[in-house]
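Colleague: I've got this model open and I'd like to learn how to read it. Could you walk me through it?

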Amino acid sequence: MDNIFFDHPKLIEYISSNDYSEAARLLLREQLKVWKDLDSAYTSLKSVQLKSFQYNGFVIKVQHNPGRVKSSTAKVDEKSIKERKCFLCPENLYNEQQALKYGNDFLILVNPFPILTEHYTIPHVNHIPQRIREWFGSMLLLSKDMQRDVLIYNGPKCGASAPDHLHFQAGSKFFMPLDDEFHSLKNEYGEIIVDDDKITVAGIDDGLRKFISVETNDIAAAEFVFKILFESYLKVSPDEIEPMMNILVLYEPQKEEGEFFGWRIIIFLRNKHRSSHYFRDGEDRILLSPAAVDLGGLCILPFKNDFEKITKNDITEIFKEVSIGKEQFEFIKADIKKSLSGNSFI
Ligand SMILES: [Zn+2]
C-alpha cells in the first residue's frame, strides 16, 4: 500500500481549527486535478436531470444519476459481500484516491460516485461491520467538525452498499430538501416527545416518512436518548442485531445570542430495504433503493426510463412501504416517552 494520506501546506490550518469541512473541500479540489474519472463524475453531476413533486409542506426531488447504478443495485447478501474486495479498506482504494485522517478511527475520502455537489465517504480505518450503536457519538463529533456538511448513516440493511465495513457519508448541507423543511415539518406533522431547555425530541409522520428528531447541544443527552430509542426500537424488531434505520445529523453553529445551536439528528425508522417496485418485472420495475438521502427528499434514479415514468403516487407508495408501520411507530414514541419521563439526565 502506497502512502494514501493526503498532505497539503494549507491542511494544518484547517486541522488545527477542527474545520474538517474545509479540509475535505481542499482534498476534493486536489483530487479533481489528478483523478480523471472523478473529475468526469463531478462534471456530469452538474448537468443531471431533476424533477420535483410537491406535497403538503414539503417537496421530494428526483435526480437521474446514471453513475449510481452500481450502488443502487449493490448486492448486500452475505455471499456476494464475501466474494468481493471491500472498496472501503485502505488497501483497495483507487490508485488516485487519497485519505484525510480524522482522529485515530476514521478516514475522509472523496466519494467517486457523487449525489451531492461535495460528497465524502468516511470509513473506519478497520474492516469492522456497519453498526451505529457504539459509533453514534463519533458521528456527532464528526458533524461538529464538519459544520458545512450533513453527516449520513445508512444501516446495513437500509442502503449501505458496504454493510461489512463501518462508514458514514457527508456532503453539502441544504442539498436535501429536508435540511430546510425540518422546522415546518416538525410544526405541521410532529408530536413532541420531550421538550425542555436541554433537549427536544419529536416523532414526525408526514404521510411518507416516519422519523424521530433530536435537537440538543448536549452530546451526553443526545447519546442517552439514542440509546433509549435503540432499545425501544429493538423491542419491535426482535430478529435484528440493529433495527433498520437511516440517520442524518447536522450541527448548527450559534449565530445569535439565544438562538438554538447544536445538533439536529433525524432518525428514519424502516420496515424494508427495498419496496416491491424494485422487484417487479419489465416496465413495472422502478429501481429506487431508498437510503438516507432519498428519505431526505432527494431520490436517486440511475435509469432514465424510471426517471421519466416515476409519478408522485409511486414515490408515496415506495416511501410508505419502506417506512416503519404506524403501530410500531406509536409504540416506539410512547416507549421513549415513558423511559425518559422523570429521568435525571436532563
Ligand atoms: Zn473493508
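Modeller: A disulfide is a covalent bond between the sulfur atoms of two cysteines. Here a disulfide is called when a pair of cysteine sulfur atoms lies within 2.5 Å. Before we use that, note that this is a predicted model, where local features need pLDDT of at least 70, side-chain atom pairs count only at pLDDT 80 or more, and totals for chains, interfaces and linings use all residues. Residues are numbered from 1 along each chain as its sequence is written, and side-chain values use heavy atoms, with hydrogens and water left out.

Colleague: How many disulfides does that rule give?

Modeller: The count is zero. Take Cys158: its closest cysteine sulfur belongs to Cys299 and sits 15 Å away, so that is too far for a bond.

Colleague: Is Cys158 buried or exposed?

Modeller: First the cut-offs: buried means under 20% relative accessible area, exposed means over 50%, and partly exposed is in between (1.4 Å probe, protein chains only). Cys158 has a relative accessible area of 1%, so it is buried.

Colleague: Now the metal. Which residues coordinate the zinc ion?

Modeller: Donors are N, O and S atoms within 2.8 Å of the metal (3.2 Å for Na, K and Ca); water is not among the atoms, so sites may look incomplete. For the zinc ion they are Cys86 (SG), Cys89 (SG), His127 (ND1) and His165 (ND1), at 2.1 to 2.3 Å. Along the chain, these donors follow the spacing C-x2-C-x37-H-x37-H.

Colleague: How accessible are Cys89 and His127?

Modeller: Cys89 is at 9% relative accessibility, so it counts as buried. His127, at 40%, is partly exposed.

Colleague: And what is the geometry of the zinc site?

Modeller: Four donors count as tetrahedral if all angles lie between 85 and 135 degrees. The angles among the four donor atoms here are 100 to 120 degrees, and the site is tetrahedral.

Key: Four donors count as tetrahedral if all angles lie between 85 and 135 degrees; four count as square planar and six as octahedral if opposite donors are over 155 degrees apart and all others between 65 and 115; anything else is irregular.
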